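Q: Hey, I'm new to this one. Can we open it up and walk through it together?

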Amino acid sequence: MPKPCRNDVRPSAITPEPVYRQRRELLKTLALGATALAAGCSSAAAPPATATTAESTPGKALSVSRKTDNAGGEAQTSYKDATHYNNYYEFGTGKGDPAETSGSFHPQPWSVEIAGHAEQTGHFSLEDLLKGQTVEERIYRMRCVEGWSMVIPWDGIALGDLLKRFKPTSQAKYVAFTTVRRPAEMPGLNRPVLDWPYREGLRIDEAMHPLAILATGMYGHELPNQNGAPLRLVVPWKYGFKGIKSIVKIDFVETQPKTIWNDAGPEEYGFYSNVNPAVDHPRWSQKTERRIGGDGLNLFGNRIETKPFNGYAEQVASLYAGMDLRKNF
Ligand code: MTE
């Protein structure tokens, strides 16, 4: 059974060298062994980079029509951390692997298949999909099921606005998403850690909710490969694994679609995956989260309390009225 929480990232891979060295010295003083430092994403692991200096944001700048802070003014995660501490198993299971191994992935040209219960289906180029859509920047809190979180400015379009264009029929009760599968460009696909391709799904009303977006960029620039170029899902009230990357298929379906993590471990990863401090993961608590970044000398990261629906309860709780969220986790 694969674990999303792999501890094989080297802190040096995600931390600027001086900060890393300083941290090592301090750790030695504290008589903590190198093994503790090597633990990548447990709560006791050293936090990754704390770059507060100006950072380059490669990739084309996007023209964004509106910016909204949906994170209540919380400090943004640095670009460096957001692009060097990733989960993208098609590029390896270590947090530093996607940044290291995704260089030969080609996100252009790109097309997406729209299939299933909709009046309009077919293959559409990314340019076609984005035509006429408003590109917005929204700062969202993101919470990973592994217990860490970030605050990221995403650039993209409202998922619901795009879906409506294809006129889903009344049989479209769910939306299923699939990631591209290119073993020649994605070294992680050669290992059977998951039942590829990566698949995710939402109920249609969740997909239509205005907080759900399809991101094409972050920090005002095109998405880097490791973050899901050229198109990925962002659903801020759910655990991060719902945010499927590099989408090539959007399917309107009648029954709840199978999702890759739910298939791999139904007891651990539910279909809904709403951020819920009251429902523990079988192997760890979900009550608190480690905010990535912050003070470089804060060895344990900034541990904060996790909020129901990741702080978006006011906007989304009504979607689940009457449901037992302990069963529908
Ligand atoms: N999408 C694909 N195709 N493959 C993956 O391994 N990992 C998921 C999600 N989307 C994943 C994926 C998980 S577990 C998380 S936490 C988020 O991507 C991480 O997104 P980020 O690396 O941009 O922070």
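Q: Which residues lie nearest the centre of the largest cavity, and how many line it?
A: Before anything else, keep in mind that this is a predicted model. The lining of the largest cavity takes in 29 residues, and Asn 87, Trp 148, Arg 232, Gly 240 and Lys 245 are the ones nearest the centre.

Q: Which elements give two or more residues to that lining?
A: Those would be strand 4, residues 136-143, and strand 5, residues 148-158. Strand 5 has the largest share of the lining, with five residues.

Q: And how much space lies in there?
A: The largest cavity holds about 470 Å³.

Q: How many cavities of 30 Å³ or more does the count come to?
A: Five of them, going by that size limit.

Q: Which residues come nearest to the ligand?
A: There are 15 residues around the ligand, and the nearest are Asn 86, Tyr 89, Glu 90, Gly 243 and Lys 245. Lys 245 also turned up among the residues nearest the centre of the largest cavity.

Q: How does the shell around the ligand divide up?
A: Six of the shell residues are nonpolar, six are polar and three are charged.

Q: Which ligand atom lies 2.8 Å from a backbone N or O atom of Tyr 89?
A: That's an oxygen atom of the ligand. Gly 243 has a polar backbone atom 2.8 Å from a nitrogen atom of the ligand. For Asn 87, a backbone N or O atom is 3.2 Å from a ligand nitrogen.

Q: How much of the ligand's accessible area does the protein cover?
A: The ligand on its own has 530 Å² of accessible area, and the protein covers 97% of that.

Q: Changing topic: what about the largest pocket, how much space lies in it?
A: About 340 Å³. It's lined by 16 residues, with Leu 62, Gln 108, Leu 126, Thr 216 and Glu 222 closest to its centre.

Q: Which helix gives the most to the pocket lining?
A: Helix 6, which covers residues 126-130 and puts three residues into the lining of the largest pocket. By class, that lining has nine nonpolar residues, four polar and three charged.

Q: Now the backbone. Is the peptide bond from Trp 196 to Pro 197 cis or trans?
A: It's cis, with omega near 0°. You'll find Pro 197 in the loop between strand 6 (174-179) and strand 7 (199-203).

Q: What kind of peptide bond joins Ala 229 and Pro 230?
A: A cis one as well, with omega about 0°. Pro 230 is placed in the loop between strand 9 (221-222) and strand 10 (232-234).

Terms used. Residues are numbered from 1 along each chain as its sequence is written. This is a predicted model: local features need pLDDT of at least 70, side-chain atom pairs count only at pLDDT 80 or more; totals for chains, interfaces and linings use all residues. Side-chain values use heavy atoms; hydrogens and water are left out. On a 1 Å grid over the protein atoms alone, a cavity is a set of points where a 1.4 Å probe fits but cannot get out, and a pocket is an open set with protein on both sides within 12 Å along at least five of seven lines; lining residues have an atom within 4 Å of a point. Grid points are joined across faces, edges and corners, and a volume is the space filled by probe spheres set on the points. Helices (H or I, at least four residues) and strands (E, at least two) are DSSP runs, numbered from the N terminus. Ala, Val, Leu, Ile, Met, Phe, Trp, Tyr, Cys and Pro count as nonpolar, Asp, Glu, Lys and Arg as charged, and the others, Gly among them, as polar. A residue is near a molecule or strand if one of its heavy atoms lies within 4 Å of it. A polar contact is a pair of N or O atoms within 3.5 Å; within protein, one must be able to donate a hydrogen and the other to accept it, and residues adjacent in sequence count only if both atoms are side-chain atoms. Accessible areas come from the Shrake-Rupley method with a 1.4 Å probe; for residues, only the protein chains shown count as cover.
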